[in-house]
Number of protein chains: 2
Amino acid sequence: MNPTQWFTEQAPGDEVAFSLAIKQKLHEEQSPFQHLEIYETKSFGNLMVIDGCTMVSTRDNFFYHEMMSHPVLFTHPNPKRVLIIGGGDCGTLKEVLKHPGIEHALQIDIDERVTRLAEIYFPELCSSNNDPRAELQFIDGIKWIKQAAPQSIDIIIVDSTDPVGPAEGLFGVDFYRDCYACLSENGLLIQQSESALLHMNLIAAMRDAMRSAGFAELQTLFFPQCIYPSGWWSATIASKTELTGFREHDSANKPFATVYYNSDIHKGALAQPEFFKQAFPK
Amino acid sequence: MNPTQWFTEQAPGDEVAFSLAIKQKLHEEQSPFQHLEIYETKSFGNLMVIDGCTMVSTRDNFFYHEMMSHPVLFTHPNPKRVLIIGGGDCGTLKEVLKHPGIEHALQIDIDERVTRLAEIYFPELCSSNNDPRAELQFIDGIKWIKQAAPQSIDIIIVDSTDPVGPAEGLFGVDFYRDCYACLSENGLLIQQSESALLHMNLIAAMRDAMRSAGFAELQTLFFPQCIYPSGWWSATIASKTELTGFREHDSANKPFATVYYNSDIHKGALAQPEFFKQAFPK
């Protein structure tokens, strides 16, 4: 038998690494924006890697995609128009479209190749791409949002890679200001916000930028994500108006299936670890 | 500069691996029971490794030790006598002794060398070892508990290694039956119960064994633990009587500091992921 081959991600700066045993490399290319790799792993299904960082695996992507969509959708009183920036693997789009009230979900990822590869290697994530409410555009989201109609979007989901490379601008105050302008009255933005064990400096800078952009309230959710550094991830909701909880009854009676998310998990994800509360008091 | 050296744990059977960059190996020995290694890592402080598995790091042990102690202690109405089986690094003992109501905390780890190394390389975890309420014994916990006085202990914390090697018996029905017998009327047992992403078979077997031993109700808690496989760990409380929540007021007004745990985190940790609820309905 051949010795086991591994794909390893070294989290930059943190001197931790995560590895998955692989059966074979299925694909590799340099897109105009990023280096893309697809592996078949031994026990996590397929794995997409962008610029050396694990992005999505068949086995555990449900944590991330469910937690980037359902909490924010059940926090907004009546979301109809959703914008996803990034999210090229289409897993977040699929979760968003499970909500019957959604009228239009626009996914803007700068790199069309991510979606084309997801269609081949993660078809289960792309099963709603032909939903008539879905629109996929492959352009620069940062530019697009500058010209978006004011107050035209209920929820913006920033489903980005790490804040280096193409996604760097997605963590900055100029971008958040443009998001603020095109969000409707009760508008919400959610941004994947890295690991509270490893990236507190980044979270602090992001929160400052969100506040400077005018957002009234921030709410950070915590959830497991095995293939991301530390295995413990977060997402931060920024709200134009004060938050008063979430639609718990609707969440508890959601008309669709999930693997991780439910209304108890939603409440639980909002619990702030002691060190986080002390770092970011209200 | 030398190339980076890493300590890597391959989770058995799951084909995932976790690595920490190391500065140097500080110690290595074969105790009568296990292979023990201590490393100085680059960004996680010191690391103890037992039989090739990461056990405790300076940087992130607070998750595990706080979640193995405070939830179960705040669930019992009035805990006075605590038994820790395993737990040789003394981090759980330290958290237990933060509760002023505790009169006696007995730690029984089969391997004295674990504690002697913790005293040297994790002195902050051993700072309560000389508390007059603490008693440390280095004997076989499985044997000890067979002869323990009936109903003499309020809480048993099974702070064990994985259920292979010396800890295998700690996940079995005979051991749980002996625990049940020596627990007082409202007695609780908590057992570290591995990862719900990777080890559902193990959790199922453990739950069956706990029920067969007579425990009336089980409650699984979820929490991050970066250095353990998948980064997402669990602990399971087994109760002799029906559980009616926890002492939330006492938890919210606890007279001691924590890094992760607080009453919101306690409630949040009890939220059952959808797939877990479906696998283990009440």
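1. Let me begin with a term: a polar contact is a pair of N or O atoms within 3.5 Å, and within protein one must be able to donate a hydrogen and the other to accept it. With that in hand, the count between chain A and chain B is 14 residue pairs in polar contact, taking pairs with both residues at pLDDT 80 or more. Please keep in mind that this is a predicted model.

2. Now for salt bridges across the interface. Between chain A and chain B the count is zero. Over all chains, the count comes to 30 salt bridges. One to look at on your screen joins the side chains of Asp154(A) and Arg81(A), at 2.9 Å from N to O. Asp154(A) sits in strand β9 (residues 153-159) of chain A and Arg81(A) in strand β6 (residues 81-86) of chain A, so this pair links distant parts of the chain, 73 residues apart.

3. How much area do chain A and chain B bury between them? The value is about 3,100 Å², with 62% of it on carbon and sulfur atoms. On the side of chain A, Glu15(A), Leu197(A) and Glu274(A) supply 19% of the area buried against chain B, more than any other three residues. In terms of contacts, 38 residues of chain A touch 38 residues of chain B.

4. Which elements of chain A give two or more residues to the side that touches chain B? They are β1, β2, α1 (61-67), α9 and α10 (274-279). The largest share, six residues, comes from β2(A). Sorted by class, this side of chain A has 21 nonpolar, nine polar and eight charged residues.

5. The structure also holds three cavities of 30 Å³ or more. Of the 20 residues that line the largest cavity, Phe222(A), Tyr260(A), Phe222(B), Tyr260(B) and Gly268(B) lie nearest its centre. At least two lining residues each come from β11 (217-224) and α9 (263-269) of chain A, and from β11 (217-224) and α8 (263-269) of chain B. The lining of the largest cavity divides into 18 nonpolar and two polar residues, with no charged ones.

6. The second largest cavity has a volume of about 180 Å³. Its lining is made of 23 residues, and those nearest the centre are Phe18(A), Cys226(A), Ala17(B), Phe18(B) and Cys226(B). Here β1 (5-10) and β2 (16-30) of chain A, along with β2 (16-30) of chain B, each supply at least two lining residues.

Technical notes. Residues numbered from 1 in each chain as written. Chains lettered and ligands numbered in written order. Predicted model: local features only at pLDDT ≥ 70, side-chain atom pairs only at ≥ 80, totals over all residues. Heavy atoms only, no water. 1 Å grid on protein atoms, 1.4 Å probe; cavity = no way out; pocket = protein on both sides within 12 Å on 5 of 7 lines; lining within 4 Å. Points joined across faces, edges and corners; volume = space filled by probe spheres on them. Helix = DSSP H or I, 4+ residues; strand = E, 2+ residues; numbered from the N terminus. Nonpolar A, V, L, I, M, F, W, Y, C, P; charged D, E, K, R; others polar. Contact = heavy atoms within 4.5 Å. Buried area = accessible area lost by both parts, 1.4 Å probe. Salt bridge = Lys/Arg side-chain N within 4 Å of Asp/Glu carboxyl O. Polar contact = N/O pair within 3.5 Å; in protein donor to acceptor, adjacent residues only side chain to side chain.
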